[in-house]
Amino acid sequence: MYNETNVYKNITSDERREYLSVLQQESTIAFIPTFVYLGLLAIVGIPGNSLVIIVYLTKMTMKPLNIFIISMAVIDLITCLVILPGILYFLLHMWDFNDPPACQFFFALITLLVMSSALMLVSIAIIRYMKMCHPFRKQVTLRQTKLICSLNVLMATVFSIPHGILQGKRSRKTQNPNIVGYSCKVDDSYSGTIWSTLNSAFLFLFFLVLSFIVTFCYVRIGCVIRRHGKNVNQINDLSAAAKISKNAEKQHKNVKVTDLKGRMHKQICSTFGIENESESVVKPVTISDLIDINTETISNNCINTNFENSISTDRPDREDISDNIALDDFIIEQRFSPSYAKHVPALNKHRKQLNRTHLMMLTVTLVFFLGFLPFLGLNVLLAVSPETVASFKGWSLAMYQLFLESYLVNCAANPIIYGLMAKKFKDICIQMFKIKL
């Protein structure tokens, strides 16, 4: 730590202020790409997240995924309104900063918002995984979803406190040995200590664990969606074969088909996703095997496998099917229905919307975690070798600062992703602004 009584020896306050002003001007020029980047985030993020909040609160049905989307939009809006101007202020005071409490509060708030967003995305991944991969297990309710959101914010608050405490007034060397500047970074009293290293290690571990959970959940969801697509194709074939069997039924009334019925029952129930775990392989049924089979009777047998209470009899063309978020719930319910084959044409038409819902949330998650990687790496570099970071000037300083703020990209990216991939959200926005395409 520098001794301020020695720093200002033979240097007046005006001379020091003028000297640091020159250094600040040089840094400001290097920060122009970062200023442009922050400005674009604010221009897109503030109206975009405001629109997301308004639409999902007033125009959408309250569902668990909707609540998470609203929560993330609120976090992103606070980031755009508070964090972006705060970063701009601190960048304009990289050499003459003198308010450690403000620095501590600001960095604690940043950590709180970023970790809250990360935990929300992980919660979404886990809930989608449970709904797609374990549909018969107990699913989260709206009340539980709100509780999860609150717990996420609480956990993020606890995690952000140590990071905020470490921040403060960081001295910066200049070419004049009698003048030292100060910026808002890890305080001199913690710089180079084990606490700064532990903080960086915790952030890295936090990111690694959440990345693993999200990756596992979406890989499993992708496998289920792929298998579901194959099941739909199988039912298409069975539906076509059923028409042939009806035409041939009158000519073969006396043929015994007990064995074929058993095989057909296994095939249909397997397609509905309810085959016995011990029978992992089901022999496919050919078209010739379907002759003389009363497919309606066989389909009705599937309802006797303890799913009566979970089967939905709604038609696939109901109004809320146009909602991407509700579509996956409907398909999950209907794929266990004995009348599923009758709904295949309509479900095929909307199945892409289901994939789009999961792809949308996967895209939001990827943007966040990929945007967090550069910040994480540079934060580790700052903790391990602060001298290297202090030596950055010109373009190296410009690129360093720009990538250091990369974790903010999701604030503006999320509304764009919703607009491109959430059909109902897009339609409502167009209707609200009366835009004719």
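1. Accessibility terms come first. A residue is buried under 20% relative accessible area, exposed over 50%, and partly exposed in between, with a 1.4 Å probe and protein chains only. This is a predicted model, in which local features need pLDDT of at least 70 and side-chain atom pairs count only at pLDDT 80 or more, while totals for chains, interfaces and linings use all residues. Residues are numbered from 1 along each chain as its sequence is written, and side-chain values use heavy atoms, with hydrogens and water left out.

2. Salt bridges. Side chains of opposite charge can pair when their charged atoms come close. The criterion used here is a side-chain nitrogen of Lys or Arg within 4 Å of a carboxyl oxygen of Asp or Glu.

3. R17 with D14. The closest N and O atoms of this salt bridge are 2.8 Å apart. Both residues sit in helix α2 (residues 13-30), with a spacing of three residues, about one turn of the helix. Helices (H or I, at least four residues) and strands (E, at least two) are DSSP runs, numbered from the N terminus. R17 counts as exposed because its relative accessibility is 52%. D14 is likewise exposed, at 52%.

4. R170 with D188. Here the closest N and O atoms of the salt bridge are 3.9 Å apart. The pair links distant parts of the chain, 18 residues apart. R170 belongs to strand β1 (residues 167-173), and D188 to the loop between β2 (180-186) and α7 (194-249). R170 has a relative accessible area of 11%, so it is buried. D188 is buried too, at 16%.

5. K423 with D427. The side chains meet in a salt bridge at 3.0 Å, N to O. Helix α16 (residues 423-433) holds both, four residues apart, about one turn of the helix. K423 is partly exposed, with 37% relative accessibility. D427 is also partly exposed, at 35%.

6. Packing of α2 on α3. Helix α3 covers residues 32-58, and its axis lies 4 Å from that of α2, at an angle of about 55°. Axes are lines fitted to C-alpha atoms, for helices over the stretch in contact, and angles run from 0 to 180 degrees between N-to-C directions. The two helices are therefore oblique to each other. That class takes what is left after roughly parallel (under 35 degrees), roughly antiparallel (over 145) and roughly perpendicular (65 to 115). T28, I29 and A30 of α2 make the contact with I32, P33 and F35 of α3, contact being heavy atoms within 4.5 Å. By class, the contact has five nonpolar residues, one polar and no charged. Nonpolar means Ala, Val, Leu, Ile, Met, Phe, Trp, Tyr, Cys and Pro; charged means Asp, Glu, Lys and Arg; the others, Gly among them, are polar.

7. L121. Which helix holds L121? L121 is in helix α5 (residues 100-133). At 2% relative accessibility, L121 is buried. Not counting residues up to four places away in sequence, L121 touches M72, V364, T365, F368 and F369. I69 is 52 residues from L121 along the chain, and their C-alpha atoms are 9.2 Å apart.

8. Annotated spans. The unreviewed UniProt entry carries the annotation "transmembrane region" for residues including 35-58, 104-127 and 147-166. UniProt positions are in the numbering used here, feature names are shortened, and annotations may be inferred rather than shown by experiment. In the model, residues 104-127 are 100% helix and 0% strand, with end C-alpha atoms 34 Å apart. Residues 147-166 are 100% helix and 0% strand, with end C-alpha atoms 30 Å apart.
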